[in-house]
Amino acid sequence: MSGRFSEEAMTRAMREIAGGLDVPTDDAQLLRLTNNAVFALPASGLVIRIARTHRLRDRVQKVVRLAQWFVELGAPTIRLAPGVTQPVAVDDLAASVWTYVPPATPTPTVNDLGSTLRRFHALGPPPFPLATWDPIGDARRRLADADGLSAEDHDYLVTWCDSLEPRVADLNKRVQQSLIHGDAHVGNLLRDPSGGILLCDFDATCLGPWQVDLAAVAVGEARFGKTGAHRALADAYGYDVTSDRDWPLLREARELKMIAAATPLLASSASVAAEFANRMKSVAQGDHGLRWKPFADLV
């Protein structure tokens with residue numbers, strides 16, 4: 001399928017960025033094609049990450065600023081590529097360029113995620129403004145940039161946002177605000193050559209309830225059927241988020257994110273569109289047992 005955010009369009013943008021950096025693309029590898037198109041250029045030691053939406057361009061600027069702060073703290077995170085003015089613009093898209101971390105064994109686990117999250121949460125707020133956890137605002141911006149979304153599905157998601165918004169606002173007022181990653185799962189961990197664990201993907205990083213970072217694995221286990229992951233994370237971190245009084249809201253907010261994230265991509269992938277329809281059906285019918293497929297496995 002074609003579209004504004006298709007693989008072909010993202011590959012053209014990657015080549016243009018690489019050309020501006022005067023690096024070859026002969027060895028370019030597409031690592032992800034979900035919310036971002038992520039390309040590795042191993043020979044050049046770079047990763048190019050292009051946002052696949054126009055409405056969330058401000059996120060790229062935020063991610064760059066956070067990454068610079070993480071360097072100052074020595075935080076367990078990936079690093080921006082040195083000597084590159086960031087973020088990088090190509091046409092109406094925004095991108096960031098990172099230092100390539102080659103695959104290493106053993107593969108990071110949920111136990112690694114638990115210990116890394118404890119370190120990350122302990123960093124405290126940054127010395128610059130950072131938005132409060134707002135899954136509803138993020139979803140609305142995705143909907144505004146939707147490509148191939150039916151009017152019926154659009155109206156359903158807008159109504160869902162309207163219902164959740166006051167509940168999220170109430171939770172943010174009730175709890176102490178912490179630095180949270182916002183999309184904490186094992187897929188956002190890398191192992192560096194020395195064996196250390198690094199967090200990546202700070203698109204959703206913000207200030208909010210730290211329990212948000214434990215919800216992703218719990219919801220992923222329920223929806224994707226990966227048993228045992230949630231229990232291992234709860235043990236490693238020291239807290240079971242499913243016992244939290246706000247667990248139903250945390251679960252629902254995570255599921256909204258997992259559905260709305262696909263709306264700009266529906267015209268670019270028939271398999272993503274089919275899985276989106278499956279997810280919408282399960283939510284509309286209140287079927288929490290219906291299994292989902294990760295979008296990353298479909299593109």
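**Cysteines and helix packing**

A: The sulfur of Cys161 lies 16 Å from the closest cysteine sulfur, in Cys206, which is too far for a bond. This is a predicted model, where local features need pLDDT of at least 70, side-chain atom pairs count only at pLDDT 80 or more, and totals for chains, interfaces and linings use all residues. Residues are numbered from 1 along each chain as its sequence is written, and side-chain values use heavy atoms, with hydrogens and water left out.

Q: How many disulfides does the structure hold?

A: The structure holds zero disulfides, a disulfide being a pair of cysteine sulfur atoms within 2.5 Å.

Q: What about Cys200, how far is its sulfur from the closest cysteine sulfur?

A: The distance is 17 Å, to the sulfur in Cys206, and that is too far for a bond.

Q: Is Cys161 buried or exposed?

A: Cys161 is buried, at 0% relative accessibility. Buried means under 20% relative accessible area, exposed over 50%, and partly exposed in between, with a 1.4 Å probe and protein chains only. Cys200 is buried as well, at 9%.

Q: Changing topic: at what angle do α8 and α9 pack?

A: Helix α8 (residues 247–260) and helix α9 (residues 270–284) pack at about 150°, with axes 10 Å apart. Helices (H or I, at least four residues) and strands (E, at least two) are DSSP runs, numbered from the N terminus. Axes are lines fitted to C-alpha atoms, for helices over the stretch in contact, and angles run from 0 to 180 degrees between N-to-C directions.

Q: Which class of arrangement is that for α8 and α9?

A: The angle makes α8 roughly antiparallel to α9. Angles under 35 degrees count as roughly parallel, over 145 as roughly antiparallel, 65 to 115 as roughly perpendicular and the rest as oblique.

Q: Which residues meet there?

A: Glu255, Met258 and Ile259 in α8 meet Phe276, Arg279, Met280 and Val283 in α9, where contact means heavy atoms within 4.5 Å.

Q: And where is Asn278 found?

A: Asn278 is in helix α9 and is partly exposed, with a relative accessible area of 21%. Beyond its neighbours within four places in sequence, Asn278 contacts Leu290, Arg291 and Trp292. Asn278 and Arg291 are 13 residues apart in sequence and 8.9 Å apart in space, C-alpha to C-alpha.

Q: Finally, how do α3 and α7 cross?

A: The axes of α3 (residues 110–121) and α7 (residues 229–237) come within 8 Å and cross at roughly 40°. That makes α3 oblique to α7.
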